[in-house]
Amino acid sequence: METAVCPSCGNEKSAESVCDVCSLQLAFRPELLQRKSRNRVTDFPQPLELAPSFPSLEITELVGFGGMGAIYKARQTTLDRNVAIKLISREYSEDPAFVERFEREAKTLAKLSHPNIVTIYDFGQTADGLAYLLMEFVDGCNLREAMSNRAFPASEAADLLYVTAKAIEFAHSKGIIHRDIKPENILISDNGTIKVVDFGIAKMIDHSSALPTLTATRQVLGSPHYLAPEQIEAPNEVDHRVDLYALGVVFYELLTGKLPLGHFEPPSVLVPEMDARFDLIVMKLLSRKPSARYQTA
């Protein structure tokens, strides 16, 4: 079956069918269809338009965009380094509740200093009111892109999980839950360094007055396939163990090339040559009950 990447969410889908991830999101909140249809490159400022808001940066290109906003690559000439600007879309930036939470959370996220977490250098609002984060730029690709290009041997998948889990555990020790662990938020630099990005972004959105919680509108935040059951059933009661469930989904996908949907088999059933000891780790991470999972990353 020929596959393609969904332009809205970045997940792999059949080239001839609609994206099941987006379909699931729309089943919970159909009005998201209109938002996604507006999600075009022309909705975001071009580099030259942003220049007045960032006089110390040379903004070179728009490298990606999605429902949350856009990412630009820029050069900080005074420090001779590349940086990334994450520009938050107007629908969020114009919501006072979101902006208040954004500023509070950004201050916390900027204190996350870890070799496997993308560093936040600064935050603020542009001249025309768009919230932004100024971050470390990672030359490389995200895990989704890497997975589309090659298979990961079990030993390499385990190494990647270990490094990612250490980064997540560090964030948890600082009281920060990611809430949206998925391959798109795990970056692999050209030299092989793993970097986790977008800590706390889902939390900022979740408490925005313009976007009520799941209980009120059946809105699903994050990527549905990586959501722990409690994120859908009791979104106001989640804790750090939702990140452990998402790690389990990523690990399962790395080991088997498939998502653990419905009644799923342990990885070694799908890949018989795999060490069955991986099954114990994956299936524990994917326990429906948080108390049955590992309790720390």
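User: Which residues of α7 are exposed?
Analyst: Ser155, Asp159, Tyr162 and Ser173. Keep in mind that this is a predicted model.

User: And which ones are buried?
Analyst: Ala157, Leu160, Leu161, Thr164, Ala165, Ala167, Ile168, Ala171 and His172. Their arc around the axis is only 165°, so they sit on the same side of α7. The exposed residues lie on the other side.

User: What covers the buried residues of α7?
Analyst: The cover includes two helices, α6 (143–149) and α11 (241–256). Strands β9 (186–189) and β10 (194–196) are also part of it.

User: How far does α7 reach, first C-alpha to last?
Analyst: 28 Å, for 20 residues, 154–173. That is close to the 28 Å expected at 1.5 Å a residue.

User: What about phi at Gly175, positive or negative?
Analyst: Positive, near 80°. Gly175 follows α7.

User: Switching to the core. Which residues touch the most other members of the largest nonpolar one?
Analyst: Leu143, Phe152, Phe199 and Leu254. That core has 61 residues.

User: Which helix gives the most to this core?
Analyst: α11, with 11 residues.

User: Back to Leu143. What does Leu143 touch?
Analyst: Leaving out residues up to four places away in sequence, Leu143 contacts Phe152, Leu160, Pro183, Ile186, Ile188, Val250 and Leu254. One of these, Leu160, is among the buried residues of α7. Two others, Phe152 and Leu254, are in the group touching the most other core members.

User: How many residues are in the second, separate core?
Analyst: There are 15, including Leu57, Leu62, Val83 and Leu87.

Note on methods
Residues are numbered from 1 along each chain as its sequence is written. This is a predicted model: local features need pLDDT of at least 70, side-chain atom pairs count only at pLDDT 80 or more; totals for chains, interfaces and linings use all residues. Side-chain values use heavy atoms; hydrogens and water are left out. Helices (H or I, at least four residues) and strands (E, at least two) are DSSP runs, numbered from the N terminus. The expected span of a helix is 1.5 Å times one less than its number of residues. Buried means under 20% relative accessible area, exposed over 50%, partly exposed in between (1.4 Å probe, protein chains only). The arc is that of the directions from the helix axis to the C-beta atoms. Contact means heavy atoms within 4.5 Å. A nonpolar core is a set of buried Ala, Val, Leu, Ile, Met, Phe, Trp, Tyr and Cys residues joined through side-chain atoms within 4.5 Å.
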